[in-house]
Amino acid sequence: MPLVTLSDVLKPALKRGHAIAGLVTLGWEDMRAYVAAAEAEGVPVILQAGPSCREHTPLPVLGKMFRHLAEGSSVPVVAHLDHGYTADECREALQSGFTSLMFDGSRLPLQQNIDETAAIAEMAHSASISCEGEIGFVGYAQGETSEGTNPEEAATFARETKVDAMAISVGNVHLQENKEGGLDEPRIRTIEALTDTPLVIHGGSGVPMAQRLHLARSSNICKFNIGTELRMAFGDALREAVNSNPSRFDRVQILKDTHDPLVAATRAVLRGFKGEDQC
């Protein structure tokens, strides 16, 4: 199945009451496990190349990897640039075969964020691909503090940028290792009353499982980004693989042992976003 755009998977999700997982990739091992898990669950998947992934592997290579996996997949796959900070980076992703660009102008003044995001959205739409923007600022565990999304500003942002999806800050935090927090549902309801643009939660690993499922089925949140949770699962599997036989040195053989545990962990994540008609 060829790659699809972000809109191709989010529009049906919004209509039918489920969400799609945006899975943060770091390398071949997690990419192929994510697609295998999506096929086993019969759901689309969004493969995301964030800043740390791009530091390790160039965008043109990532585009080819995503396309190769999509072409052999039985489910729709989106190739998504996560947290693109410049127009040049977004343009390179487009030229590398990505089907969705996320421009992160959340640290910019509101009007500058609107103007720059709108330009990226126009570039994406001219190439028949999708664009995600961010309004408000999603902070980091043990790092920068979040700035909650103002609902009226979100409505203006959605209208003026014409993004296909809008990331919001409603209690979510990047790199959170536990699920002790929760999202601000009243703020979410206010935002979705003012705009029908599909909403995105970054830092989804910190959202309790029950709330993920509830919001996937009952709100305009159509995409949850999951990174930390599955990186932890991969790390656990890798340690087990290394420690199980300390004399092994062939990394291919070691990495093969991470596949099944990561597929199982990913399937559990994907089940948490299914609609009632998908169970």
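This is a predicted model: local features need pLDDT of at least 70, side-chain atom pairs count only at pLDDT 80 or more; totals for chains, interfaces and linings use all residues.
Where does Ser128 lie? This note answers that below and takes the structure point by point.

1. The protein chain has twelve helices and nine strands. Its radius of gyration is 18 Å, close to the 19 Å that the globule rule gives for 279 residues, so the chain is as compact as a globular protein of that length. Along its principal axes, the C-alpha trace spans about 60 × 40 × 40 Å.

2. How much of the chain counts as buried? The share is 54% of the 279 residues. Now take the contacts in the chain with a separation of 6 or more. Residues 24 or more positions apart account for 71% of these contacts.

3. **Ser128.** Ser128 lies in the loop between helix H6 (110–126) and strand E6 (130–135). Ser128 is not a glycine, and yet it has a positive phi of about 65°. Its relative accessibility is 58%, so Ser128 counts as exposed.

4. **Lys162.** Look next at the loop between helix H7 (151–161) and strand E7 (165–168), where Lys162 lies. Lys162 has a positive phi of about 60°, although it is not a glycine. Is Lys162 buried or exposed? It is exposed, because its relative accessible area is 57% and the cut-off for exposed is over 50%.

5. **Cysteines.** How many disulfides does the structure hold? The count is zero. A disulfide needs the two sulfur atoms within 2.5 Å. Cys53 is buried, with a relative accessible area of 1%. Cys90 is buried as well, at 0%.

6. Rolling a probe the size of a water molecule over the atoms shows where empty space is left. In the whole structure, the search finds one cavity of 30 Å³ or more. About 60 Å³ of space lies in the largest cavity. Which residues line the largest cavity? Among them are His18, Ala19, Ile20 and Ala21, along with Val43 and Pro44. By class, the lining of the largest cavity divides into seven nonpolar residues, two polar and one charged.

7. **A pocket.** The second largest pocket has a volume of about 190 Å³. Its lining includes Leu26, Gly27, Glu29, Asp30 and Tyr34. Leu230, Arg231, Phe234, Leu255 and Leu262 also line this pocket. Which helices each supply at least two residues of the lining? They are helix H2 (28–41) and helix H10 (228–244). The lining has six nonpolar, one polar and three charged residues.

8. **Arg32, in helix H2.** Arg32 lies in helix H2. It is partly exposed, with a relative accessible area of 34%. What does Arg32 contact, leaving aside its neighbours within four places in sequence? It is in contact with Leu69 and His259. Arg32 and Pro261 are 229 residues apart along the chain, and their C-alpha atoms are separated by 13 Å.

9. **Val242, in helix H10.** Val242 is found in helix H10. With a relative accessible area of 38%, Val242 is partly exposed. Val242 and Val170 are 72 residues apart along the chain.

10. **Asp104.** Asp104 sits in the loop between strand E5 (100–103) and H6. Is Asp104 buried or exposed? At 8% relative accessibility, Asp104 counts as buried, because the cut-off for buried is under 20%. Not counting residues up to four places away in sequence, Asp104 touches His83, Gly84, Tyr85 and Glu134. Asp104 and His83 are 21 residues apart in sequence. Their C-alpha atoms are 5.1 Å apart in space.

Terms used
Residues are numbered from 1 along each chain as its sequence is written. Side-chain values use heavy atoms; hydrogens and water are left out. Buried means under 20% relative accessible area, exposed over 50%, partly exposed in between (1.4 Å probe, protein chains only). On a 1 Å grid over the protein atoms alone, a cavity is a set of points where a 1.4 Å probe fits but cannot get out, and a pocket is an open set with protein on both sides within 12 Å along at least five of seven lines; lining residues have an atom within 4 Å of a point. Grid points are joined across faces, edges and corners, and a volume is the space filled by probe spheres set on the points. Ala, Val, Leu, Ile, Met, Phe, Trp, Tyr, Cys and Pro count as nonpolar, Asp, Glu, Lys and Arg as charged, and the others, Gly among them, as polar. Helices (H or I, at least four residues) and strands (E, at least two) are DSSP runs, numbered from the N terminus. The radius of gyration is taken over C-alpha atoms; the globule rule is 2.2 Å times the number of residues to the power 0.38. Contact means heavy atoms within 4.5 Å.
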